[in-house]
Amino acid sequence: MLVSEEPRPDPESLLELANAAETNRGRLKIFLGMCPGVGKTYAMLLAAQQLQEEGVDVVIGTIETHGRIETQALTAGLARIPLRKIVHRGSTLSEMDLDAILARRPQLVLVDELAHSNIAGSRHLKRYQNVLELLEAGIDVFTTLNVQHIESQRDVVTQITGAPVHERVPDSIVDRADEIELVDLSPEQLRKRLEEGKVYLGERAVAASDNFFREGNLRALREIALRITAEQADKELRSFMHRRRISGPWRSREHLLVAIGPSPYSEHLIRWTRRIATLSHATWMAVYIDTGRPLNDQERTRMEKNLTLARTLGAEVHATSGGEVSQTLLRFAREHNISQIVVGKPLTNPVLDFLRGGSLVDRLIRRSGEIDIYVVRAEKAAPPWRPDLGGLAEPRLWREFGQGVLLVLGTTIAGLLLRSAIGYMAVGLLYLLAVLLSSIFLSRWPILLTATLTAVAWDFLFITPYYTFRISNIHDVILFGMYFVVALVLGHLNARLRQREQTERRREEQAVALYRFSRDVAVSLSLDAAAREGVRQIDELFSVTTTVLAKGDSEKLETLSGAALSEREMAVASWAFEKKEPAGRFTNTLSQAEGFYLPLHTGHQVAGVLGLRARAPLTLSERQLLETFATQLALLIERERFRQHAESAKIAEKSRQLQKTLLDSVSHEFKTPLAVIATALESLRSHPAHPESLLAEIRIASERLQRIVTNLLDITRIETGAVLPRLAWCDLREIVDRAVQRATEDTTAIQVDIAEAVSACEVDSGLLEEMLANLLRNALQNSPNGSSIFIRAGPKDGGVQIDVCDEGPGIPPEDATRLFEKFQRGKNAKPGGLGLGLSIVKGFAEAQGGTIAVIHRTDGKLGAQFQIFLPVASRSMQTIATTA
Amino acid sequence: MTNILVIDDEPQIRRLLRVALEAQGCKIHEAATGQDGLIAAASWRPELIILDLGLPDLSGLEVLVRLREWTQTPVLILSVQDAEEDKVRALDQGADDYVTKPFSTQELLARLRVLLRRNHSPEEPVFELDALTIDFSGQTVHVGGKPLSLTATEYALLRELARHAGKIVTHKHLLAAVWGPNATEQSQYLRVYLSHIRKKLAEAGFPAEAIHTETGVGYRLLLE
């Protein structure tokens, strides 16, 4: 099952190829050398010159010529981006100007010395990160690299040469290279060049150089370089075969798993696995199994380092918890479809192994079934290391040892006092009680110390002969032996129980925290509230200062909740957001920042950024919990965004509908009378029998058109605030009569009752007439034929109230306010009309400081009653007449 | 004497249609609402219905659908709505023609004549229009006595237009009739094939303009 023959490339790999072809990222070419001095820079410049001749836009990002004249000569004619000057601790240093290159956007940029570490204060820690950013921007890059700087080759090289390597690049960038050109030189030639002084070694390295450049070393390094190039060529061939659908011996994907811990040996294991994985084209994972044993600071740091190393080497890193390592490891392996597991050759203890039923490796192999197990020996060069004894260095532990000793002391004193009264066996039980007590509040090692001390004290003080360790009686020997075993086992078992309990509790705490987070955050009504709650919980749980950022309306990252960020920090957050990678403190990118910025991933998108300001780096489990929180937040932000999209789409659709209705009604109102006029005119031309009736139709249609135009103009005047009432004393009856005449030809159906007290009003007669005419038209339109309309005017609250009552169906209460809005028509309204009349009445009433309302008729009859109230002065016509 | 039912809520339009149609010797019945119109159509059995889309109670489309449940009486839509989608919707729901307000009386009368004529003459095995002759049973097309060679698709399209000569045939209708019910969105097929038909007709001496494009709606084989 492990190696299955597949007849053709699997879809996954084809997709990968399609993706690679689709993206227009830059191409990376690495000039690889076995060691300094083989002429990589020279080869790179030569290739660049050739490309420039072919018309490619080439610039030099950075080049180290080390004063060699031949190399210097080759830079002639190539454009050079000036280096950026950075002031660091008083001295000015220069560094490749990444932003200038990005701004210049050449087709190809030359970046020498890929393994270079940037000066503190640069955007990235390492130069290869600059290169990645350039590639991402679609710029091709030529660069140079020595094998010893490749992460996975580092310990091999160190073994060969004995010289430490400080600057490294991850293997992923070598894998990422589209082309690797080996710059090869035979060891003899190189040594010759060395003797001629043509190799620059740096000032400090001169002393070590003789050792480094021994012929044996060079041969070994050359072999490594050749192998890497061969691997690359193999990869290219495979990719070519994939592209051309050439069937070959496709192997199913192998999955390697390496078990790592806080031990320094793990580093070697990781590199080893990486090498094997690359050679067999397998994917690999690294797993840390948390058995519940607490790690001390040193171990935690080393653990982090190991995990980071695995991550940089391209492993998928996981942590899982479980009591028994071999079982947990195999369970994890099966869950993840692992075909091979890599473990370190352990430092075994025969006695302990026998008790446990074999060493870890034995147990693993016995239960592994179809999974292959690699056992890798510890690297010789690694420093000797024993598992930490449960954190012996911690002060808390020393206190516990003290407490154990005190407990033994106390019991001993009590025992001495009671020795003659109860006998030594009872004292033994007393000691056992003390051990039991100690196991309740002390941890493993103090318990074991207490157990041992009690045994010693019992023997020395209570077993005859007193004050010697000698035991004369054979059954006392047995008794002592049994006591010792019981005390130790008791202490050990209890300690284990507590440890397990602690693991459980920690796991439960995490589960509870996650539960609480999802409960409180997910149910928040708004995104703001959710973000606020999320920030509060993360702050509390990790004792950090948190900020949640999301993309705002302006497509820019905005603070959603939490502490505000400085401009500088904001830039770091933006970088994390755009590149979809963590940035800031404790990372390799922009590590000078105060905060750590984690992008909020949702599938392929990034919804926002979670910013943390913490004092210490987060532990692995904290980081995992945080990432779970981040996912929750991301989903929440995305959900909110989708909701907003849906909402605005709904609003847009609604307003589109409204617009269409409005347009339809306006065009209906205009086109109907126009159609009448056009048709009537056409009929008139063909000499009809009754031309008068056709002319009458034309007149009615023209009046209708005129009314529409007037209404539209009126509503425009109201909208623009151009209605300025001109008040004058008027005869109210005269205004009403004019309105009646305008509204209908059949004036008999309209009854008018005007109180004498308001027969003269100080109003704008034009506006009032227009209002009444509109109300009357509305009343006529909505009343059955033959019904009457009643107009009544009287004084009210220092003003005038005019009521217009009809005998129509009345106005439903839900229409009462809507009716006065523009282009709104009542549910029971008859066809025709734009729905402007009543809004004009309202506009004019308000222009005069008045109001309008509609109610059911108050006099008991069926129908609507429109009430106009105008706060204007009024008196009877009689007084006007007398004063005049 | 032709009985025509006018369903329109505008009294003026109704009065004018009455004047114009009665002058042509038609008998007019008016309905101001959709409900009244449906009742009148059932009780009075008109030969043709003129229907407005914006009615106070039911929408004109609803009236059309209810009419089509029981009668194939030609329906001409007379509406102010002049958007292509409105026309297509009404025609696809079973309307026979569509005239927008304001309208020319002459054009309206011409359209009504087409609808009435077709309704009077049940489908015949041979269609003739000036020099064009289509023999439905023999599946042959002649222009001025000379046979015209058409592909199967072209013939099917021309036959569909001829069967509804004078009326608008919507894209959807043509596509469904020729390519089947699953191809009702591919109106680009039509453009290609109709340009072929027009070219062949023109080469044979029959005016290509006889196949009139109703932009965004469909095609019409003009009778006059």
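Reader: How many salt bridges does the rule find across the interface of chain A and chain B?
Author: The rule finds 3 across that interface, where a salt bridge is a side-chain nitrogen of Lys or Arg within 4 Å of a carboxyl oxygen of Asp or Glu. One of the salt bridges joins A:R704 to B:E10, with their closest N and O atoms 2.7 Å apart. Please keep in mind that this is a predicted model, in which local features need pLDDT of at least 70 and side-chain atom pairs count only at pLDDT 80 or more, while totals for chains, interfaces and linings use all residues. Residues are numbered from 1 along each chain as its sequence is written, chains are lettered from A and ligands numbered from 1 in the order in which they are written, and side-chain values use heavy atoms, with hydrogens and water left out.

Reader: And how many residue pairs are in polar contact between chain A and chain B?
Author: There are 7 such residue pairs, both residues being at pLDDT 80 or more. A polar contact is a pair of N or O atoms within 3.5 Å; within protein, one must be able to donate a hydrogen and the other to accept it, and residues adjacent in sequence count only if both atoms are side-chain atoms.

Reader: Which elements give two or more residues to the side of chain A that touches chain B?
Author: Those are α22 (620-685) and α23 (691-719) of chain A, and α22(A) gives the most, with 12 residues. Helices (H or I, at least four residues) and strands (E, at least two) are DSSP runs here, numbered from the N terminus.

Reader: What about the area that chain A and chain B bury between them?
Author: The two chains bury about 1800 Å², with 57% of it on carbon and sulfur atoms; buried area is the accessible area (1.4 Å probe) that two parts lose on being put together, summed over both. On the chain A side, A:K671, A:T679 and A:E682 lose the most area to chain B, and together they make up 29% of what that side buries. The contact (heavy atoms within 4.5 Å) takes 19 residues from chain A and 19 residues from chain B.

Reader: Where else does α24 of chain A lie?
Author: Helix α24 (residues 732-743) of chain A also lies across β21 and β23 of chain A, at about 65 degrees to β21(A). Those strands belong to an open sheet of 3 strands, ordered β21-β23-β28 in chain A, with antiparallel pairing.

Reader: Changing topic, which residue does A:K29 meet in a salt bridge?
Author: The side chain of A:K29 meets that of A:E181, at 2.9 Å from N to O. This pair links distant parts of the chain, 152 residues apart, with A:K29 in strand β2 (residues 28-33) and A:E181 in strand β9 (residues 179-183) of chain A.

Reader: Last one: is the peptide bond from B:K101 to B:P102 cis or trans?
Author: That bond is cis, with omega near -10 degrees, and B:P102 sits in the loop between β5 (97-100) and α5 (105-120) of chain B. As for the backbone of chain A, A:S543 has a positive phi of about 45 degrees although it is not a glycine, and A:K580 has one of about 55 degrees, also without being a glycine. Most residues other than glycine have a negative phi, and most peptide bonds are trans.

How values were computed
Pairing = 2+ DSSP bridges. Axes fitted to C-alpha atoms, helices over the stretch in contact; angles between N-to-C directions.
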